[in-house]
Amino acid sequence: MKFKYIFCIAMLLSLTAHAQQKKAVSIHDQKMNKFIDGLLLKMTLEEKIGQLNLLTGGEATTGSVVSTGVEDKIRKGQVGGIFSLTTPARIRKVQEIAVTQTRLKIPMIFGQDVIHGYKTTFPIPLGMSCTWDIDLIQKTARVAAIEASADGLNWTFSPMVDISRDPRWGRISEGSGEDTYLGSQIAMAMVKGYQGDDLSKNNTIMACVKHFALYGAAEAGRDYNTTDMSLNRMYNEYLPPYKAAIEAGAGSVMTSFNDINGVPATANKWLMTDLLRKQWGFKGFVVTDYTAINELIDHGLGDLQKVSALSLNAGVDMDMVGEGFLSTLKKSVQQGKVKTTQIDQACRLILEAKYKLGLFEDPFRYCNEERAKTEILKPEHLQLAREAAGQSFVLLKNEGNVLPLRKTGTIALIGPLSNTGTNMPGTWSVNSDLANTVSLLDGMKAALGSQVKILHSFGANLMADEEYQKRATMFGRDIPRDSRSEEDIIKEAVDIAKKSDVVVAALGESSEMTGESSSRTNLDIPETQKRLLEALLKTGKPVVLVLFSGRPLTLSWEAQNVPAILNVWFGGTETAKAVTDVLFGDVNPSGKLTTTFPKNVGQIPLYYSHKNTGRPLVAGQWFSKFRSNYLDVDNDPLYPFGYGLSYTTFAYSDLKMSNTSFKKGGSVTASIVVKNTGSREGREIVQLYVQDLVGTETRPVKELKGFQKIRLLPGEQKTVTFKISSDDLRFYNAALKYDSELGDFKIFIGGNSMDVMESSFKLKN
Ligand code: BGC
C-alpha cells in the first residue's frame, strides 16, 4: 500500500516535470518564433535570398567552382554562411563584416566537412563502423565537435549515412557499410555526439545528414551516377539511417548529387517535402551538395533560373556555392515562378538554425582563441584516436598464428604505404594534423626502440602505375616517386626480407584512391604491388600484409597465399601507434567487417541480407544448373559481413529461446553462451540475425537485429541475451505500412553473418 502511494507520487512528480519541460521547450520556441517573425518583417526580399546563399571561404573545395568576391557579397547581405574557413581569428574577421557592416547584422554560420574527427583524426567512417562500438563512435563525434568548435566552426557536413553495397564506389569509405540496422545506430550516435544536448553550447556543432538520398546506390559504383530503386528497397534498406539521424535531432540535411527514379535529389519534391518533412517531420533546413543546383542543368532539367526555382520549390533552403538562388530567385518571384512564402520559409529555417546555435546572442560564440589553443589535439583525444583505430582494424587471416609478432629479432618493413604519414588519416581529413601524423616506419621505431631491428624498403613507385597514381592525387597526398626501376625496388625489398625473421608488407590503396570521385572497376591490390608481394612470398619468410584500404578489395589470391592479413583501413592520426599495438599484441584485434568482401568484382553487389530468389542454391553448393549462381565463381563472399578474427578464439553454444512463439506486442528472448577458448583476453562482437520466412513481400535471408560487444578473459564464458519484440520484426509492406506479419521466423546468432547457430519462433495473433 505504502509502495503504491510512493509510486503514485513519483509518477505525478515526473508527469509534472515532463509537462514543465514541454512548456519550457515551447516557451523557448515561442521566443525564437517571435524573434524571427520580427526579423523577417524587417528583411527585404534580397536579404532573405542572401540568407539562402552558402559560399566557400577558401581551403578545401570539392568542385571546380570557388566563390569569389566573398567579402563584398557579405557586406551586401548576400551570404548566409561560409564553409571551409577555419580558425577563430579568420572566422571572427568575416563574421565581423556580417554583424557590423550589413543592414540587419545577421550572423553567418560556419561549416566544414568534419567527417571523422578534426585535427585529431579518427579512422575513416567505414573503419569506425567496424568497431561496432556505438559509445566509442559517439565519443569520437563529440571530440570532433569540441575541436571543430574550438577552431571557430559551428556546423559539420556529417554524418554521411549512405548505405552502400558497391565497393567500386570510392565513397563507400565515408559511410558505415552495407547494413541498415547498424548504419542507423551509428547515424544516431554521430548526431548526438556532434550536437550534444544543447546546440547553443560553444562546444557543440550542428550535424548535417547526407547525402539525401540513395547516393550510395549509384549505378555501377560510378560516382555521381543515377540511382533507380524500388520503394520496397528504399524504405526497408536505404532510407532508415537518414530517418534515424533526423529522429536523433539532426539540424540539417544535405541533398545528394544523384538522380532518383528520374528526378535528381536536389529537385525532388517528393523526397524533400513529402518524405522528409511531411512523413518524417523534419524541422531543420536543407542545403544542397556542392553546386548541385547548377548541376541540374546537366541533368537536363533546364537553365539556371528554372532549376533554381525547381530546387527551392522542391524544398531546398540553402544553395551551396552555385549562387543560382542568389542570381535568379528575385526574377522568378517577379515572374510568379516562385512564391515569396517559399523564400520566407527557407529563410526562416536558416535563421532558426542560427538562433539555436546561439549566434544571435553572441555571433563570436565559437571564436575563442584560448579554446583553440587548449582544446585541440589534447592527449586524451589522441588516446581515443589510438583506441578507435586499434578497434577498427579487421584481422582477415592469421594462419599458423603468425601474429602477434614477438618484440625481438629483425623485421623487414616494406611497401609504398610503410613510410607516408600523410596517407594515414584517409579521405576527408582536410583539417588533420598532418605535421604530427607519423608513418608506420617512424611509429614502429618510436614504439619498439632497440628491442626489434627494423630493416626498411619503401618503393613509392610501386603504389600504382604512374598515370593511375597521378589521377589519384586530389588533395596532393600522393606518395612521391623516385627514379628507381621496379626491378631495383623489388630487389632491395627481397634482399632485406631475406635478412629478417618476418616481413611486414604495408600495401593497398593510397588514401586518394578512395573517397569522392575515386571509383574503381578493378579492386585488386595494384599490379605493381602484387608483384612486390609475390617476390616477398618467394623468400619463404612469413609475410604479414598490413592492408590499407577505403573499401573491400578483391583478395582471393592474397587469401590463398599470404599467411596473415590485417586490414587497417585508414586509421587516422594515430594509425602508426595503433598498427604497432595490434601487430605486437598489445591490443587484440576485434574489428568485424561491416561490408562484404567479394571474391571478384563480378559478384558485386554482394551483401549478406540479399533475397532468396525462386531458385536459391542449397547452402554450400556450387554449381547447379538452372539455379541462381555463376559458372565461374560461387555465390559466397571471400569474407562475409560481420567477419573478423582475434588472437584468441570464441566458441558459441547453448542457443536457447525463452519461448517458441509470442504474440504481437510481446517479445521473446534468445540467449547463447560465448566462451573464450584461447589464451588471451579478447573482445567478441556477438551478432543476432532474423529471417522472416513468409511475408506478403519477399524478405531478406538474414537481417541484423542486434549485437553486443563483450570482453572475455581466457577460459571465461558469458551468456549473451537478446530480446526480440514484434516491433523489431516490422518492415514496410507494398502499401508502405510499417508492421510485422504473423508467421514463422528463424533467428541466427554468431560471430559473423555466416557462422551462426540457429533457432526459430512463431509470431502469433
Ligand atoms: C561532397 C560533400 C561535401 C561537400 C562540401 C561535396 O563534393 O559530396 O560530401 O560535404 O562537397 O565539401
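Visitor: Where in the chain is confidence lowest, and where is it highest?
Guide: In this predicted model, confidence is lowest in helix α1 (residues 2-42), at a mean pLDDT of 68, and highest in strand β9 (residues 285-287), at 99. pLDDT is the predictor's confidence in each residue, from 0 to 100; helices (H or I, at least four residues) and strands (E, at least two) are DSSP runs, numbered from the N terminus.

Visitor: What is the mean pLDDT of the chain?
Guide: The mean is 95, and 95% of the residues reach 70 or more.

Visitor: Which cut-offs and numbering apply?
Guide: Local features need pLDDT of at least 70, side-chain atom pairs count only at pLDDT 80 or more, and totals for chains, interfaces and linings use all residues. Residues are numbered from 1 along each chain as its sequence is written, and side-chain values use heavy atoms, leaving out hydrogens and water.

Visitor: Turning to the open sheet, in what order do its 6 strands run?
Guide: The order is β11-β16-β15-β14-β12-β13, with mixed pairing; two strands pair if DSSP finds at least two bridges between them. The edge strands, β11 (394-398) and β13 (453-457), each pair on one side only.

Visitor: How many bridges join β11 and β16?
Guide: β11 pairs with β16 (residues 564-567) over 4 bridges, in the antiparallel sense. Val-394 stands opposite Asn-567 in β16.
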